[in-house]
Structure formats: C-alpha cells, structure tokens
Amino acid sequence: PDASYPMVYTLEDPACGQVQSVVLLYIAPSPDPGPDTSITLCNTSGVLDLALLLRGADPGGQWLGPNGAPTDSLFNPATGPAGTYSYFLAGNEACGDTAASLSIQVNPPADAGTDASAQYCNSGEVDLFPLLGGNPQPGGMWTDLGGSGALTGETVELGQLSVGQYAFSYLVLSAGCP
C-alpha cells in the first residue's frame with residue numbers, strides 16, 4: 001500500500017495569527033524489473049525461461065528482443081539470437097517506466113578435433129595442432145600425459161625424447177558449454 005506523509009507549512013501572521021496548509025505526500029512503489037544480468041549459454045543447451053534470471057521482478061512486464069521487437073521469456077539457444085533482451089515494466093502515475101537488461105551470449109560446443117597419431121625421427125620439433133583430425137578450435141591447452149618435459153605450448157622438442165611412444169592431450173573450453 002502507498003504510504004502518505006503529511007507536510008505542514010505554517011506561516012505566522014501578526015495580524016491574523018497562525019495560518020497552515022497541509023500537503024499529503026504519497027509514496028508509490030516503483031515498478032521493479034529485477035537486476036540487469038549477463039549469461040553465457042551453449043547453443044546445445046535447452047530452452048531457458050529468462051524470467052527466472054530476474055530475481056524479484058514484478059510480473060506483468062513485456063519482453064523485447066535484441067531488435068526491439070516483442071518476444072516471450074522463453075529463449076532457445078539453438079535458434080534464438082544472442083544479444084540484449086529487455087524486460088520492460090510500465091510506470092504508474094507517480095513512477096516512470098523501467099526495464100532490466102539481459103545480455104545473452106551463445107557459444108558453440110568446444111571442438112578439440114579427433115585423435116591422431118604420427119611418427120617422427122628423434123630430432124627437431126613438431127607442432128601438434130596440425131596433427132589433430134577434424135576441425136579443432138584453436139586456443140586450447142596441450143598436456144604432456146607422460147610428463148616427458150618435451151612439450152612447450154603446442155610444440156614438442158623431439159630431440160628431448162627417447163625412442164618410444166608419447167601421448168599428448170588437447171583440451172578446448174567453450175564458455176557456457178560442458
């Protein structure tokens with residue numbers, strides 16, 4: 001409920017005495033669209049109800065997509081455009097309109113390529129990334145599974161290795177994806 005606060009203006013007039021006027025100040029609640037939020041999703045994730053991300057938001061608002069067109073609160077990362085979504089609440093006679101922004105980034109799942117093997121002489125160096133099969137994403141991290149000490153970044157110094165078999169692993173992360 002609205003709260004009222006009486007404000008009294010008093011004027012002392014020597015000829016007429018005290019004169020007063022009262023103004024009742026009513027404070028109305030401001031519409032609450034919830035907090036601005038950012039989220040990163042994988043394009044293989046399921047449908048998400050964006051309203052769940054606006055903790056404490058008042059109901060009855062309107063959703064607007066990144067292009068400003070009306071939309072609903074259900075977002076499908078496989079088909080919905082990434083960008084900034086808005087939850088708009090109309091004001092009242094005392095308070096203006098307000099909105100919360102929901103910034104959505106959608107990433108593809110990580111692709112580290114497919115397993116591969118190669119044989120080299122024990123001199124020189126080799127770049128491991130081109131040896132991967134498939135379409136690996138760059139920017140991942142290599143691990144020397146046997147702890148040979150010959151790996152620097154994605155390059156193996158072959159002269160540091162004895163004759164034998166060595167395993168290296170490539171890991172790619174994609175924010176929002178498992």
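# Cysteines, cores and a surface patch

Let me begin with one cysteine: Cys16 is exposed, with a relative accessible area of 62%. By exposed I mean over 50% relative accessible area, while buried is under 20% and partly exposed lies in between, using a 1.4 Å probe and protein chains only.

A quick word on the model, everyone. It is a predicted one, where local features need pLDDT of at least 70 and side-chain atom pairs count only at pLDDT 80 or more, while totals for chains, interfaces and linings use all residues. Residues are numbered from 1 along each chain as its sequence is written, and side-chain values use heavy atoms, with hydrogens and water left out.

Cys95, at a relative accessible area of 17%, is buried. And how many disulfides does the structure hold? There is 1, counting a disulfide as a pair of cysteine sulfur atoms within 2.5 Å. Cys42 and Cys177 are the partners, with 2.1 Å from S to S. Their link is right-handed, with 95° about the S-S bond. It ties together distant parts of the chain, 135 residues apart: Cys42 belongs to strand β3 (residues 37-42), and Cys177 to the segment after β14 (168-171). When I name strands, they are DSSP runs (E, at least two residues; helices would be H or I, at least four), numbered from the N terminus. Both Cys42 and Cys177 are buried.

If you turn to Asn107, you will meet that pair again. Asn107 is a residue of strand β9, and it counts as buried because its relative accessibility is 14%. Setting aside neighbours within four places in sequence, Asn107 is in contact with Cys42 and Cys177, and also with Thr40, Leu41, Asn43, Ser174 and Ala175; contact here means heavy atoms within 4.5 Å. Asn107 and Pro77 are 30 residues apart along the chain, and their C-alpha atoms are separated by 8.8 Å.

Now, the interior. In soluble globular proteins, nonpolar side chains tend to be buried together. Which residues make up the largest nonpolar core here? There are 12 of them: Leu41, Leu50, Leu53, Leu54, Trp63, Phe75, Tyr85, Tyr87, Leu89, Ala100, Leu102 and Ile104. The elements giving two or more residues to this core are β8 (83-89) and β9 (98-107). Another core, of 11 residues, lies apart from it, and includes Val126, Trp142, Leu158 and Leu161. For both, a nonpolar core is a set of buried Ala, Val, Leu, Ile, Met, Phe, Trp, Tyr and Cys residues joined through side-chain atoms within 4.5 Å.

Let's stay with Phe75 for a moment. Not counting residues up to four places away in sequence, Phe75 touches Leu41, Leu50, Tyr85 and Ile104, among others, and its list also includes Gly46 and Pro81.

Gly46 itself sits in the loop between β3 and β4 (48-49). Is Gly46 buried or exposed? With a relative accessible area of 53%, Gly46 is exposed. Beyond its neighbours within four places, Gly46 is in contact with Phe75 and Pro77. From Gly46 to Phe75 there are 29 residues in sequence and 8.7 Å in space, C-alpha to C-alpha.

Ser101 is another residue of strand β9 to look at. Ser101 counts as partly exposed because its relative accessibility is 30%. Outside its four-place neighbourhood in sequence, Ser101 is in contact with Pro35, Asp36, Thr37, Thr84, Tyr85 and Ser86.

Finally, let's go out to the surface. Tyr5, Met7, Val23, Leu25 and Ile27 form a nonpolar patch there, together giving about 460 Å² of accessible area. Patches use residues with over 30% relative accessible area and no salt bridge, joining nonpolar side chains (Val, Leu, Ile, Met, Phe, Trp, Tyr) within 5 Å and like charges within 9 Å. A salt bridge would be a side-chain nitrogen of Lys or Arg within 4 Å of a carboxyl oxygen of Asp or Glu, and the areas come from the Shrake-Rupley method with a 1.4 Å probe, where only the protein chains shown count as cover for residues.

β1 (3-13) and β2 (17-27) each supply at least two residues of the patch, and β2 gives the most, with 3. Tyr5 is in strand β1 and is partly exposed, at 42% relative accessible area. Over in strand β2 we have Val19, partly exposed too, at 43%. Leaving aside neighbours within four places, Val19 is in contact with Tyr9, Thr10 and Leu11. The C-alpha atoms of Val19 and Tyr9 are separated by 8.4 Å, with the two residues 10 apart along the chain.
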